[in-house]
Structure formats: structure tokens, C-alpha cells
Amino acid sequence: MRNVLESYLAGREKEVVGIMVKLYDQDEVLRDYIASEKREQAQETAQNLHKMQIPIEQISKAVGYDEKTVKEWLGIK
């Protein structure tokens with residue numbers, strides 16, 4: 001059975017590689033989307049906590065991003 005599959009795939013190497021690349025690209029797009037959604041949620045949370053006058057250091061810890069990034073989100077220099 002293994003030899004049959006191996007010879008089948010070897011004969012279609014270009015097609016198999018193309019499928020693998022497409023699947024990898026889709027997976028990468030999904031990971032980027034998830035990361036973007038998480039970052040957006042963290043920004044929203046940071047803004048809400050800032051409105052509640054929570055210190056930047058605590059906001060940073062709460063959202064899991066460094067203080068510099070949180071300050072950029074909040075427009076603080």
C-alpha cells in the first residue's frame with residue numbers, strides 16, 4: 001500500500017506541493033486573522049481600562065502587551 005501511495009504522489013509532486021502551499025497559506029491567513037482579532041480586543045480593553053483610570057502598568061499586564069504598545073494605542077507619548 002505504501003509503495004502505491006508513494007508512486008502516486010511522486011507522479012503528482014507538483015500538484016501535491018501546490019496543495020500543500022495553498023493549505024499552508026490558508027493556515028497562515030487564519031493565524032494572522034486570529035492574532036489581529038486578539039490585538040483588537042486587547043486595544044478595546046486597554047481603552048476601557050484607561051477610561052476607568054487604571055494605571056498603564058496594570059493595563060499592560062491585563063492585556064498582555066508591553067507598556068509602550070499600550071501607550072501607542074491610547075495616544076500617550
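This is a predicted model: local features need pLDDT of at least 70, side-chain atom pairs count only at pLDDT 80 or more; totals for chains, interfaces and linings use all residues.
Residues are numbered from 1 along each chain as its sequence is written, and side-chain values use heavy atoms, with hydrogens and water left out.

Helices α2 and α4 are roughly perpendicular to each other, a label for angles of 65 to 115 degrees; under 35 counts as roughly parallel, over 145 as roughly antiparallel and the rest as oblique. Their packing angle is about 75 degrees, and their axes are 10 Å apart. Axes here are lines fitted to C-alpha atoms, for helices over the stretch in contact, and angles run from 0 to 180 degrees between N-to-C directions. Helices are DSSP runs of H or I with at least four residues, numbered from the N terminus.

On the α2 side, Arg39, Ala42, Gln43, Ala46, Gln47 and His50 meet Val70, Trp73 and Leu74 of α4. Contact means heavy atoms within 4.5 Å.

## How α3 and α4 cross

The axes of α3 and α4 come within 9 Å and cross at roughly 105 degrees. That angle makes α3 roughly perpendicular to α4. From α3, the residues Ile56, Glu57, Ile59, Ser60 and Val63 meet Glu67, Val70, Lys71, Trp73 and Leu74 in α4.

Ser60, which lies in helix α3, is buried, with a relative accessible area of 9%. Buried means under 20% relative accessible area, exposed means over 50%, and partly exposed is in between (1.4 Å probe, protein chains only). Leaving out residues up to four places away in sequence, Ser60 touches Tyr65, Asp66, Glu67 and Val70.

## The nonpolar core

The largest nonpolar core has 9 residues: Ala42, Ala46, Leu49, Ile56, Ile59, Val63, Val70, Trp73 and Leu74. Helices α2, α3 and α4 (67-74) each supply at least two residues of this core. A nonpolar core is a set of buried Ala, Val, Leu, Ile, Met, Phe, Trp, Tyr and Cys residues joined through side-chain atoms within 4.5 Å. In soluble globular proteins, nonpolar side chains tend to be buried together.

The buried residues of α2 are Ala42, Ala46 and Leu49, and they pack against α3 and α4. Ala46 touches Ile59, Val63, Val70, Trp73 and Leu74, not counting residues up to four places away in sequence.

## The length of α2

Helix α2 has 39 residues, and at 1.5 Å a residue it should span 57 Å. The expected span is 1.5 Å times one less than the number of residues. The end C-alpha atoms of α2 are 57 Å apart, which agrees.

Gln53 is found in the loop between α2 (13-51) and α3 (56-63). Its phi is near 65 degrees, a positive value in a residue other than glycine. At 72% relative accessibility, Gln53 counts as exposed.

Pro55 also has its place in the loop between α2 and α3. Pro55 is partly exposed, with a relative accessible area of 45%. The C-alpha atoms of Pro55 and Glu44 are separated by 16 Å, and these residues are 11 residues apart along the chain.

## The aromatic pair

Rings of Phe, Tyr and Trp (its six-membered ring) pair if their centres lie within 6.5 Å; planes under 30 degrees apart count as stacked, over 60 as edge-to-face and the rest as tilted. By this rule the count comes to 1 aromatic pair. Tyr65 and Trp73 form an edge-to-face pair, 4.8 Å centre to centre, with 65 degrees between the planes.

Tyr65 is partly exposed, with a relative accessible area of 26%, whereas Trp73 is buried, with a relative accessible area of 15%.
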